[in-house]
Amino acid sequence: MLYKNIIIESDNGIVTITINRPEALNALNREVLSELDHYFFNEAIAAEIAGIIITGSGERAFVAGADIKEFLSLDQEKAEAMGRKVHRLFSKIEQFRKPVIAAINGFALGGGCELAMACHMRIAGSKARFGQPEVNLGILPGYGGTQRLVQLIGKGKALEMMLTAEMIGAEEARSLGLVNHVVEAGQEINKAKEIIMNISTKSPLAVGEVISTVNAFFDKTKNGFEEEIKAFGRLSVTADFREGASAFVQKRKAEWKGR
């Protein structure tokens, strides 16, 4: 597929996806969402990727929300269909079996904050700003925000952010647990790459199972403890486990096979 609204680059197994609509502060319109959907469902193969970084073009915004003009043409049925499609995409990102990190270089508002929260980790530049301002438009966060924000920062503060529509800065976001690290502006991608390279030295099978079982905690259709037990059992009979245990005993670096 020829992408017009996102830029995809690969370096040493790390894929960087840049949402490239700087004139619209990288707002998520139908085309951007369609291109992200195509990439994650058709091209992103975990076995061939060390990790994925999602960022925004320019210095002002990661993603400053959705394209509100598109919402004006929606009726209830169309709005629900759009919500389900974006939920499907963000769930795919959340369930990807290699780390997906949001490198937040400016405003992460509305759908942009929701996209960042679907990633496994978030790195914020010192100038980053976060918010869920949907109530100002007479709507609510419809791309998973009412659920993931509570998971990350707790009910009380999540309600405050969503009901007041007030933005918070990078340091407050870090103190609340919304972001993992705050770095100097312009260093977001470098920090994300550093984390991915660290994770890439671990067993890829174990990494994938950790992501899956942590996500199971929030999945009401699953028993997280049972999923953990099953994953522990699956990993115990892999070549990677035998290699990792042998390397530990022999005091050498493990050579992972991914099987």
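I started with Ala158 and found it in helix α6 (residues 155–164). Helices here are DSSP runs of H or I with at least four residues, numbered from the N terminus. This is a predicted model, where local features need pLDDT of at least 70, side-chain atom pairs count only at pLDDT 80 or more, and totals for chains, interfaces and linings use all residues. Residues are numbered from 1 along each chain as its sequence is written, and side-chain values use heavy atoms, with hydrogens and water left out.

Is Ala158 buried or exposed? I got 0% relative accessibility, so Ala158 counts as buried (buried is under 20% relative accessible area, exposed over 50%, partly exposed in between, with a 1.4 Å probe and protein chains only). Leaving out residues up to four places away in sequence, I saw Ala158 touch Leu149, Val150 and Ile153; contact means heavy atoms within 4.5 Å. I also checked Gln132: its C-alpha atom is 9.3 Å from that of Ala158, and the two residues are 26 apart along the chain.

Next, helix pairs. I looked up α4 (residues 111–118) and α5 (residues 145–153), which pack at about 55° with axes 10 Å apart. Axes are lines fitted to C-alpha atoms, for helices over the stretch in contact, and angles run from 0 to 180 degrees between N-to-C directions. That angle makes α4 oblique to α5 (under 35 degrees is roughly parallel, over 145 roughly antiparallel, 65 to 115 roughly perpendicular, the rest oblique). On the α4 side I noted Glu114, Met117 and Ala118, which meet Gly145, Arg148, Leu149 and Leu152 of α5. I sorted the residues of this contact into 4 nonpolar, 1 polar and 2 charged. Ala, Val, Leu, Ile, Met, Phe, Trp, Tyr, Cys and Pro count as nonpolar, Asp, Glu, Lys and Arg as charged, and the others, Gly among them, as polar.

Last, cysteines. How many disulfides does the structure hold? I found 0, a disulfide being a pair of cysteine sulfur atoms within 2.5 Å. The sulfur of Cys119 is 11 Å from the closest cysteine sulfur, in Cys113, so that is too far for a bond. Cys113 counts as buried at 0% relative accessibility, and Cys119 counts as buried at 4%.

Definitions and conventions: Helix = DSSP H or I, 4+ residues; strand = E, 2+ residues; numbered from the N terminus.
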